[in-house]
Structure formats: C-alpha cells, structure tokens
Amino acid sequence: MELRDLSHRYSGASSPALTGVSVGVEPGELVAFLGPSGCGKTTALKIVAGLLRPTSGEILVDGDRMNDVPPERRGAAMVFQKPLLFPHMSVAQNIGFGLRMRSVPRDRIEKRVDGALRSVRMDGFADRRPGELSGGQQQRVALARALVTGPRLLLLDEPLSALDASLRGEMRELVREVQEQGGYTTVFVTHDQEEAVVLADRIALLFDGKLQMYAEPQAFYDRPATRRIAEFFGATNFIRGRASNGTVETPLGSLSLARAATPGEVTLTIRPEAVRLGEGENSFYARITRVVYLGTRIECGLDANGVALRVAVSPDARVREGEKVAARLPAESLWVLGE
C-alpha cells in the first residue's frame, strides 16, 4: 500500500487535517500511525478504508489507484476502538456476518468462522452472545470478524485503548501473532508510543497533520529527527553546543561524535540508559541531584556546570544524592538533532 502526497481538509476547518503525507507499506508489514490526539492519524486511516475522500493525493494498493473505489471493494477490513458487535447475534453469527452478505455458502462460512475463532484463541465461544463476554473477548471477536474475510489490508483504529493495562499487553501479543501468521498488510493507529514500538515494523509519526518521521521503532529513540520527536519519545537530555572540526564545544567540555556535525549551533541528545558513570572519552564531573529507585534500575539526576542530565544505572549501583561523580557520554550514543 502507498499513500502519495495525501492531504485532507474537513469542511469548515481552519486548517487541514493532513498535509502532503506520503507513506509506503510493504506486503505483510505492520505500520503504526502514531501521534497525539488531532494529529491526523485516524483521518489517514479512514481515507485508506474509503470512509473519507482525500482533498488531494492518491491511495494505491498493489499498484491500483483506490481513490474512486468504494469501501466494500477495497479488500480492507477495519477494527475500531469499540467492538461494535450485534448484541442479538451469537459470536459465530457476528464473525460470519460479512461472509453472509457476500453470499458465501454456509459450509464455507462455518469453516472460516471456526478458523477465525481459533486464530484469536476463542474456541468454544461460538454460541455465546456479546453480552456474555468481557471487553477483551469482545475485541477478539471484532478482530476475528475482520480476519474471516481474508482482507488485503487490515486497518486497526486504536482497538486496544479501551482495555485495561493487563488486557492491552495480552492483546498486543495476539494482534502481532495473528498479523505475522496471516501475513496481513496492516496499519495500526495509536497514540501510545509503547504500543507502537512493541507492535510495529515501522512507525509513521504525525504532528499537526504532517509526517514528521517514518522509520523503524529504534530510530525514534536513538536517532530522532528533531527535538520535538525526541521529547515525544521521552528524551530529557539535551545539550546545546557549537560544532566545529568534528567536535562540539559544550558547557560539559569538548564532546566527540561518531559522525561529524554540520558546523554551527547544535543540540545533542542521549538516552539516560546510554550515559555511563566513570571516566573516559567525553567524560566530565557532575553532582548527583536526586536518586530514584525504580526496581529494575536506578534513575539519577546530574548537574554538570548548569546542564541537567538524567542517567539510568543498574539497581545495585552505589550512588548517593549530593555525591560528585565522573560521567561520560559515549560518542556512538550522542545524536545531533535537527531543528
């Protein structure tokens, strides 16, 4: 699937919901559309599904232009935040509804419904009514209803956001398992960074209707394109400096980089878990301003010549608030942010 220069403006809106978004999704890939509320991610998904017509741009599936193709002929199946099951139908009848509308023979419907139930681990629930199911079970049925049609595209619009934390984790595993086993080309909309990182092969990050970055999950942590992206993914360490001759002059001293930066004013970032205590390349002295035990790690605040940094160390590290320590920033973990 490919989105080419996709834009959309709702009637009467003062600004566009989407502006020039271009994203390519490989066959069998799971891509997350991620961003805060109002960023345009659900608008993009609805355009792919055929529920909205773009103001401009193209939607291509297997090379075919989809702009004028009605939703029912796009080969897409959608799962929403709410399961939207028919309360008067059994689980099996809900799952097979789309097949009955397509006049699929009864014996084939039963076989495909059984297979869909197995894929979402709901064997034995065929005769239950939706009101007899938990929220997580209802969402599994909604997923099975989407899968039973054998879609070319599987579209998921925040399907886990209404579930509690323990169920969300379980459903994430199920969604990924079903997606990989079936080889479904999938677009998953979420506002949850962790969910996107756990599930997606690649993430399309949207702010204010514009695509900010499209990359594999790790890149958003290690190589964010801008400070806003880094902050959205929880980065807190930012160091201003001036780049020249392959190094950056900062309040911490002269810092070497693994890759030279363009000369001029720059902002560096580094993840707390990449900061090391001890002397070596790019080392400096700092005072520990706070120590917080978080079970699997200890998080320390550092003050170094007016620069506030966070560092994550092992839970058995011996650190004390007020202590003066040496810290270093490995060159390969420092990243220069764009503006």
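The model is predicted, so to be clear on the ground rules: local features need pLDDT of at least 70, side-chain atom pairs count only at pLDDT 80 or more, and totals for chains, interfaces and linings use all residues. Residues are numbered from 1 along each chain as its sequence is written, and side-chain values use heavy atoms, with hydrogens and water left out.

Let's start with the rings. Searching the whole structure turns up 5 aromatic pairs, meaning Phe, Tyr or Trp rings (six-membered ring for Trp) with centres within 6.5 Å; planes under 30 degrees apart are stacked, over 60 edge-to-face, the rest tilted. One of them is F207 with F232, edge-to-face at 5.4 Å centre to centre and 75° between the planes. F207 sits in strand 9 (residues 202-207) and F232 in helix 8 (residues 227-232), so this pair ties together parts 25 residues apart in sequence. Helices (H or I, at least four residues) and strands (E, at least two) are DSSP runs, numbered from the N terminus.

F207 is buried at 2% relative accessibility, and F232 is buried too, at 18%. Buried here is under 20% relative accessible area, exposed over 50%, partly exposed in between, with a 1.4 Å probe and protein chains only.

Ring pairs also link F207, F220, Y221, F232 and F233 into a cluster.

Now, which ring face does R228 lie over? That of F207, at 4.0 Å from the ring centre. R227 lies over the face of F238, also 4.0 Å from the ring centre. The criterion is NZ of Lys or CZ of Arg within 6 Å of the ring centre and within 35 degrees of the ring normal.
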